[in-house]
Amino acid sequence: MNPTARDIDSKTEWSPRNPVHKKTPGAVPGVPVDLSYSVDQNGSLVTLPPAQWLICFVPGLRKQWWHPFVNAKHKHVFAMRPLDTANWILIEPWWTRVMVTVLSSVDAVKFLRWGACGDVLRVREAVPGRGNQARGWSNCAVLCSFILGRASHTWTPHGLYRQLCREEDVKHENVEDLIIEQFTSMADKASADALRLDPEAIAAPLETVLTHLGRNIVFAVMDPSILQLGRTAVIEAERFPRATRVYSERLITPAIATLTRILQDASARGDIKVQSCQRAASEFIAMLRGNMHLEVVMELREPPCAAEVDARVNAVVSGFLRGVATKKASGNKSFRNSARDESTNRNALAG
Amino acid sequence: MPWQAKDILADLKSSLDGNGTLVSLRAVDWLVCFVPGLKQEWWHRFVHPTHQHVFAMRPLGARLWLVVESWKNRLSVASLDVLDALKFMRWASAGDVLRAKEHLPGRAWHTRGWSNCAVLTALLLGRRSWTWTPHGLYRRLVNEPGVIRVDMDALLREMEQLSRCTEIDTVKKMRVKQTDGATDGAPCNGEEFR
């Protein structure tokens with residue numbers, strides 16, 4: 001045997017000159033590597049908390065031949081849930097498609113009213129789920145169970161209803177409470193944003209404070225989501241009066257309360273003289289809204305632009321202060337208006 | 001005044017539209033994204049290399065995107081902010097993206113046996129389809145008049161720019177690649193998709 005002979009290590013000595021790129025386990029050619037690595041344990045690109053859906057089991061709106069064979073109240077099922085804004089996601093399986101759409105609160109209330117004719121359950125979706133794709137017939141009940149990630153063997157809405165009712169976390173919902181919940185969250189947010197006052201702003205002259213607040217209030221009531229809320233409140237006033245009351249109590253009342261406090265302080269300083277600060281605050285807000293708000297609510301015109309809002313607020317504030325300011329305060333620079341300003345303000349109010 | 005369910009039903013029935021729905025909505029455009037899988041699966045060798053999965057997404061206007069994606073064990077319908085939507089778009093740029101308008105009232109079929117991502121996307125779009133594969137749906141859609149191939153690189157650039165902007169509700173432009181390879185400008189904002 002040749003003394004120089006030795007065992008060859010095939011792994012090291014027979015390896016090619018250019019090392020082969022080691023295949024990254026799990027990575028797929030063509031997909032950005034960072035995306036492949038950023039999938040979560042469920043294989044998803046984004047990790048979202050499981051959403052809560054309102055599953056509405058409802059009677060049919062049109063008669064169908066098969067209706068006698070299913071539960072009287074649970075002939076159809078659809079799912080919906082509110083988004084952060086004034087919109088709702090709706091998933092409704094039709095005969096020939098599955099409708100996935102985003103509805104305004106006004107349209108969502110129609111579906112909630114339909115839900116009120118049957119049963120509404122609040123169900124948390126299961127992630128990653130235990131649903132089964134091979135169900136044969138993907139009707140409304142099957143698709144809703146798949147949305148919820150539930151393993152289910154039923155083909156009827158009532159079967160799904162009974163299955164969900166057996167779960168511990170599933171809650172029955174009252175439709176009016178749902179509408180109130182939606183109204184409250186929207187109104188509270190708008191109100192908090194509009195009525196936020198820094199200590200520096202409160203210390204400013206009354207005219208500046210009123211202008212600042214007035215501007216915020218007009219922008220809040222002209223916000224598209226708040227306008228829709230107002231329309232819904234009017235439409236559903238008869239059926240869901242508690243929900244309509246929320247609109248007034250959560251949106252208008254806090255604004256009046258904040259303004260009342262500001263006017264009381266001004267009155268204590270001797271800047272203004274009014275019989276009732278609360279009534280004056282209420283009238284100030286009524287002046288801000290005026291016909292313009294009604295016209296926008298009724299879609300007779302577009303919401304005002306920023307310049308139009310500024311002109312209106314300036315006009316209202318100067319008009320209001322002319323009516324309530326004491327002689328002492330009127331002598332101050334902040335309360336004076338030139339004749340030209342008054343003419344401009346009158347035009348702004350008329351517009 | 002207490003209301004009765006039958007009164008509400010009668011009221012609702014009177015407000016049904018021609019398609020039998022409570023609200024009449026216009027057909028919207030979806031971005032239908034045919035993509036390779038993010039993780040290797042044993043069955044990937046039997047399907048098209050870049051069309052192994054399909055999902056649909058569309059903008060909702062105010063910084064939000066709606067993404068409908070069929071998982072193995074559930075149907076995910078989620079609203080995503082711009083940054084998260086950007087991840088899905090980057091994934092989509094690895095495959096092909098078609099912009100297709102959903103069909104109202106639809107011609108799809110419930111009894112397809114296996115409701116996988118391709119079948120559920122066809123159901124979302126209201127399309128009658130006999131295929132069970134994403135690539136089959138792609139071939140079905142790409143031959144339809146009105147369906148356009150989206151240049152995702154251009155859209156990604158727009159989105160990356162938008163994700164840095166504070167005001168997203170400005171009018172945007174999406175470059176749309178025509179079948180002959182030419183590019184054409186088409187408006188792309190939330191309103192346009194609604």
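The following legends describe close-up views of a predicted model.

**View 1. The contact between chain A and chain B.** In this predicted model, 52 residues from chain A and 51 residues from chain B form the contact. On the side of chain B that touches chain A, two or more residues each come from helix H1 (5-14), strand S3 (64-70), strand S4 (75-81), helix H2 (82-92) and helix H3 (117-125) of chain B. By residue class, this side of chain B comprises 29 nonpolar, 14 polar and 8 charged residues.

**View 2. The two domains of chain A.** Chain A is divided into domain 1 (52-173) and domain 2 (176-350). Their centres, taken over C-alpha atoms, are separated by 42 Å. Contact between the domains of chain A involves 9 residues of domain 1 and 12 residues of domain 2. On the side of domain 1 that touches domain 2, helix H3 (residues 105-116) of chain A gives the most, with 4 residues. That side of domain 1 of chain A divides into 5 nonpolar, 3 polar and 1 charged.

**View 3. The open sheet of chain A.** Six strands of chain A, in the order S4-S3-S2-S1-S5-S6, make up an open sheet with antiparallel pairing. Strand S4 (98-104) and strand S6 (171-172) of chain A each have a single partner strand, so one side of each is left without a neighbour in the sheet.

**View 4. Strand pairing and helix packing in chain A.** Strand S3 (residues 87-93) of chain A runs antiparallel to S4(A), and 7 bridges join the two. Asn87(A) has Ser104(A) in S4(A) as its bridge partner. Helix H4 (residues 140-147) of chain A packs on the sheet, where it touches strand S1 (52-58), strand S2 (76-82), S3 and S4 of chain A. The direction of helix H4 of chain A makes about 30 degrees with that of S2(A).

Key. Residues are numbered from 1 along each chain as its sequence is written. Chains are lettered from A and ligands numbered from 1 in the order in which they are written. This is a predicted model: local features need pLDDT of at least 70, side-chain atom pairs count only at pLDDT 80 or more; totals for chains, interfaces and linings use all residues. Two residues are in contact if their C-beta atoms, placed from the backbone, lie within 7 Å. Ala, Val, Leu, Ile, Met, Phe, Trp, Tyr, Cys and Pro count as nonpolar, Asp, Glu, Lys and Arg as charged, and the others, Gly among them, as polar. Domain bounds come from an automatic or database domain assignment. Two strands pair if DSSP finds at least two bridges between them. Axes are lines fitted to C-alpha atoms, for helices over the stretch in contact, and angles run from 0 to 180 degrees between N-to-C directions.
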